[in-house]
There are 2 protein chains.
Amino acid sequence: MLPAEFSLIARHFAPLAGEAGLGLLDDAAVFTPPLGRQIVVTADAMVAGVHFPPDETPRFVGQKLLRVNLSDIAAMGAEPIGYLLTVSAPRGTADAWFAGFAEGLAADQRRYGVHLLGGDTTSTPGPITLSVTMFGHVAPGAAWRRSGAQPGDELYVTGTIGDGVLGLAAVRGELPDPDGSLASRYRLPQPRLNLALHGIVNAAMDVSDGLVQDAGHMARASGVALRIETALVPVSAAGRAAGAAFVASGAAGGDDYELLLAVPPDRTVALAEACAAAGVPVTRIGRFSLGPPDVTGVGVDGKKVPLGGGGWSHF
Amino acid sequence: MLPAEFSLIARHFAPLAGEAGLGLLDDAAVFTPPLGRQIVVTADAMVAGVHFPPDETPRFVGQKLLRVNLSDIAAMGAEPIGYLLTVSAPRGTADAWFAGFAEGLAADQRRYGVHLLGGDTTSTPGPITLSVTMFGHVAPGAAWRRSGAQPGDELYVTGTIGDGVLGLAAVRGELPDPDGSLASRYRLPQPRLNLALHGIVNAAMDVSDGLVQDAGHMARASGVALRIETALVPVSAAGRAAGAAFVASGAAGGDDYELLLAVPPDRTVALAEACAAAGVPVTRIGRFSLGPPDVTGVGVDGKKVPLGGGGWSHF
């Protein structure tokens, strides 16, 4: 680590450290786990030019980096605690980039009640490469798994699907986005924390790689068949305005950060009430059944609809 | 995440996952913290071309990545539990690279008793970029801090200093290394876990950025002056053979991963006994005192010796 890097850490990252981060001055952070709780941990990396445009506003990069990790904590039914951060940046990266990035982290630390616990800052001959490891806590045995779906469970999804891909197109200027709502969905996903769904859901996961692919993961992990009624998949007004082709790519694409939830039929009222209390829209889009563990699309006429790239032509 | 990436994770990384890693199939890992212990967490990133030569044997890359993080756990007086891993690799990275990298991780998982808990695999247009977040546990309040050194404490260091920088030169072919011992020191640092030093040391940290710089951190964090008797700094036989200039660069350079320990005079016998029991050499190299919080070098004649780049010409 070079002296210039200490200065950078002191200016931009040390102010983000909570008490457990020990001012980012020690070899590691120390925290006391909440009594009688299990620890939930997840890590995600983001690379400039892969996960965000190289010229993206650095504040949004910081916020998205935290939020994609918080979405994984939410998908386990856990409450967030804090995070570690590694930053590999080219020599000569503007100080303003780090300042904006840290502002984004600070804003979302306040929003979600987490603190920076530690990390590492290095140079790289490549693009800016970031990783966050996020910690949460959950009651013993209560973490939601994607493998818990049972035959007869209904499949629900929060929010709307496809806006992540549409938002990327909007950020790239490939799609009109007069009110900026699509770009905002791509840049600032809303991790679905604070949904009081313990005792209601049998399985959960977040939609980060695309609805079709992720729903397939849940079906296979649970060893059950899944039929998605494609006409029920919730699409935003901006998504509908963007047209069928984009919605199709959205359903096959990623970056939605909504939750997929498997819910027994006798708990769907409780689900609706809990989601309404949290102000989070939730929509039934399919059902699990005994059968080959995979996902099938079904249209309004009850006939099979091919899923995946270009398959959602009925929208 | 692309299907090819799932396959890569299933083949190379899922076999490394412990029970808490949930087979790397969920959004996050879940583990139960050891009862009544605090959690210690640290993260380090490694970039090809910065932290290791781009053509380095991938097995060594995996081992070093774990060991630099384990060294931070050791420096806090903690015991390791497990880790999360992010891998950003160029499209087209050979499967053999991932296989070798995972072999290195597997070998050191067995050696140090840790497991993979989760992580992320992405593509990058840049060089291979890796990060590990390592967890450990420690008795409440017992973690060693670098800020605990007191006036009158002796400064000790484990092992030998300078071999990290010499080893890099050997790996690059810039230095003869007939028995390969220097290259091995650079490639495979020995995290100083299993030193039973609780109740003995007042402060500790690992030497990762160079003895002079890191000792200065301890002095400043503790608010005390530090004099290092440069003639006492332990140098390996290979280091002595390499000559004065290399040793000087070694003392100013990094990658040693030894421990700096501040020990009150009345506990130095206990320190020696504990280190001998663990088979770890330890050497007194200086003393803390009341005064300006910084580090000063002193030669055998008691006169000041300039520290830092090129300053260690007396070796």
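Predicted model: local features only at pLDDT ≥ 70, side-chain atom pairs only at ≥ 80, totals over all residues.
How many bridges join strand β1 of chain A to β2(B), and in which direction do the two strands run? Residues are numbered from 1 along each chain as its sequence is written, and chains are lettered from A and ligands numbered from 1 in the order in which they are written.

Strand β1 (residues 29–31) of chain A is joined to β2(B) by three bridges, and the strands run antiparallel; pairing requires at least two bridges found by DSSP. Opposite Phe31(A) stands Ile39(B), in β2(B). Strands (E, at least two residues) and helices (H or I, at least four) are DSSP runs numbered from the N terminus.

Between the chains, 50 residues of chain B are in contact with 50 residues of chain A, contact being defined by C-beta atoms, placed from the backbone, that lie within 7 Å. Elements of chain B that each supply at least two residues to this side include β1 (29–31), β2 (38–47), α2 (58–75) and β3 (79–89). The largest share, nine residues, comes from β2(B).

Within chain A, the domain assignment (automatic or from a database) gives domain 1 (3–138) and domain 2 (154–305). The C-alpha centres of these domains of chain A lie 27 Å apart, and 14 residues of domain 1 are in contact with 15 residues of domain 2. Helix α2 (residues 58–75) of chain A gives the most to the domain 1 side of this contact, with 10 residues.

Technical notes
Contact = placed C-beta atoms within 7 Å.
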